[in-house]
Amino acid sequence: MSIQQQIIDDLRVQPTIEPDAEIRKRVDFLKSYIQQSGTQGLLIAISGGIDSAVAAGLCKQATDELSESTGKKYMTLGVYQPYGQQSDIADSYAVAEAFKLEHTVETDVQSGVDAITDLVNKVLPSIDIQDPITPQAKGNIKARTRMVTQYALANELNLLVVGTDHASEAITGFFTKYGDGAVDITPLSTLNKRQVRQLATHMAVPQSILDKAPSAGLWEDQTDEDELGITYNDNSDYLEGKTIDQVAAERLESYYKRTAHKRDPIPGI
Ligand SMILES: Nc1ncnc2c1ncn2[C@@H]1O[C@H](COP(=O)(O)OP(=O)(O)OC[C@H]2O[C@@H]([n+]3cccc(C(=O)O)c3)[C@H](O)[C@@H]2O)[C@@H](O)[C@H]1O
Ligand SMILES: Nc1ncnc2c1ncn2[C@@H]1O[C@H](COP(=O)(O)OP(=O)(O)OP(=O)(O)O)[C@@H](O)[C@H]1O
Ligand SMILES: [Mg+2]
């Protein structure tokens, strides 16, 4: 079997999808998982990007339907987590409005992130590192501080933390290990980025979000495609089994191998 087919099988990507059926299947998955877990609903961190917008829509539909069918109250909590000023925060609010989220909170992670960054920077000279931590390492602190905050809220409210990882991020390992990768449930898994967009266009995702370039927002002007050196068009084609430019295919396969540790269970002896 080709490595491409192996990856497609591992990530369980379908070459084509029917968006309405996918939405139904994923909402049902969330509903049944909430019920079997005995929790009271879902927590979704809303960034202003397309993945969390789609996930928020699925979550809200799931908890609304469960509340309606059981007569008990289930909630979707939307969490905005800027690092200080976030230029596109209006898009995050627009998601909550589009999907009529009744419960939202804003937890600015800047003070927490800066405190941890200072802690690390203080000890670096003692281990012979003279420069402060890299923007990349600080970016990962942001993702992990968001995760810690989400779990504190989930603990208090008996909620499950919903992740937005999908196959186009899983293949490249484009997430922070134990940061945005640390969640309880991932309703977008098996979809590539093109298919996430397809779902978005069948939901109430605001146009400004459909139009913007995917970004982790961890440093100034970061975009996924620039950082990875590969387009989501190629990434999605590859996961649909199509032939793409050989350099791009090799790059994807290299990312996949290098980031296996993020997808696999923790190695133990
Ligand atoms: N072979 C191995 N076996 C087990 N563990 C291994 C390992 N190699 C590294 N590690 C561990 O993994 C760590 C590196 O992984 P990690 O900490 O994740 O860090 P990193 O490799 O920097 O990966 C994070 C990437 O995800 C992107 N990201 C982050 C957050 C959000 C989003 C987004 O799209 O929103 C994107 C970010 O831009 C960056 O490209 C190492 O410091 C080490 O602790
Ligand atoms: N500023 C933020 N506020 C709240 N949640 C955030 C923030 N940044 C990242 N997250 C969380 O981390 C997840 C991973 O970010 P990622 O950039 O992959 O997804 P996205 O922003 O929803 O979509 P896109 O990839 O198109 O930018 C988000 O979906 C969201 O749940
Ligand atoms: Mg983003």
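Helix 6 (residues 135–157) contributes four residues to the shell around ligand 1, the most of any element. Helices here are DSSP runs of H or I with at least four residues, strands are runs of E with at least two, and both are numbered from the N terminus. This is a predicted model, in which local features need pLDDT of at least 70 and side-chain atom pairs count only at pLDDT 80 or more, while totals for chains, interfaces and linings use all residues. Residues are numbered from 1 along each chain as its sequence is written, and chains are lettered from A and ligands numbered from 1 in the order in which they are written.

The shell around ligand 1 has 15 residues, of which Ala143, Thr176, Lys177, Ala216 and His261 come nearest; a residue counts as near if its C-beta atom, placed from the backbone, lies within 6 Å. Helix 6 and helix 10 (224–228) are the elements that give two or more residues to this shell. By type, the shell holds five nonpolar, six polar and four charged residues. Nonpolar means Ala, Val, Leu, Ile, Met, Phe, Trp, Tyr, Cys and Pro, charged means Asp, Glu, Lys and Arg, and the others, Gly among them, are polar.

An unreviewed UniProt entry lists Arg144, Lys177, Asp184, His261 and Lys262 under "binding site"; its positions follow the numbering used here, feature names are shortened, and annotations may be inferred rather than shown by experiment. Two of these residues are set out below.

Buried means 20 or more other C-beta atoms within 10 Å of the residue's own, exposed 12 or fewer, and partly exposed in between, with C-beta atoms placed from the backbone.

The largest nonpolar core has 49 residues, and Leu42, Leu43, Ile44, Val54, Ala56, Cys59 and Val162 touch the most other members. Helix 3 (residues 50–70) gives the most to this core, with nine residues. Such a core is a set of buried Ala, Val, Leu, Ile, Met, Phe, Trp, Tyr and Cys residues joined through C-beta atoms within 7 Å.

Four strands make an open, parallel sheet in the order 3-2-1-4. Strands pair if DSSP finds at least two bridges between them. Strand 3 (103–106) and strand 4 (160–161) are at the edges with a single partner strand each, so one side of each lacks a neighbour in the sheet. Strand 2 (residues 75–80) is joined to strand 3 by four bridges, and Leu77 has His103 as its bridge partner in strand 3.
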